Amino acid sequence: MERFEEAVRAALDEIPAEFQSYLDDIEFVVAKRSPGGLLGMYEGSGALGAGDFPARVTIFKEAHEAACDSWEELVAEVRRTILHEVGHHFEMEEDDLPY
């Protein structure tokens with residue numbers, strides 16, 4: 001789990017500095033299992049919305065491991081998942097997201 005969490009932290013560190021302040025209110029969580037094989041899940045009202053609860057991104061370890069054949073592939077997939085879920089925070093729809 002520790003190595004997987006390091007991959008998540010590395011992906012977060014790669015997000016450009018101009019966007020980092022928008023991530024302050026997001027709780028990033030690593031969970032072992034996912035509902036329905038999801039790689040990640042965003043919960044929140046978005047950076048532009050007015051919500052009463054903090055945003056949360058959950059990254060699912062076992063789903064990533066099942067989808068990837070190597071550590072390098074897993075690291076790349078974690079990065080794509082983080083970017084995808086952060087895109088939801090910026091209120092992008094599924095079809096507008098790059099991943």
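Contact here means that heavy atoms lie within 4.5 Å. The model is a predicted one, in which local features need pLDDT of at least 70 and side-chain atom pairs count only at pLDDT 80 or more, while totals for chains, interfaces and linings use all residues. Residues are numbered from 1 along each chain as its sequence is written, and side-chain values use heavy atoms, with hydrogens and water left out.

**Exercise 1.** Work out in what order the 3 strands of the open sheet are arranged.

*Solution.* Begin with the terms: strands are DSSP runs of E with at least two residues, helices are runs of H or I with at least four residues, both numbered from the N terminus, and two strands pair if DSSP finds at least two bridges between them. The order is 1-3-2, with mixed pairing. Because strand 1 (26–31) and strand 2 (40–43) each have a single partner strand, they stand at the edges, and one side of each is left without a neighbour in the sheet. Next, strand 2 pairs with strand 3 (residues 55–60) in the antiparallel sense over 4 bridges, and Glu-43 is found opposite Arg-56 of strand 3.

**Exercise 2.** Find which strands helix 1 and helix 4 lie across.

*Solution.* Helix 1 (residues 2–13) lies across strand 1 and strand 3, whereas helix 4 (residues 71–89) lies across strand 1, strand 2 and strand 3.

**Exercise 3.** Identify the residues that Phe-4 contacts, leaving aside neighbours within four places in sequence.

*Solution.* Phe-4 is in contact with Val-30, Ile-59, Phe-60, Lys-61, His-64, Trp-71, Leu-74 and Val-78.

Key: Axes are lines fitted to C-alpha atoms, for helices over the stretch in contact, and angles run from 0 to 180 degrees between N-to-C directions.
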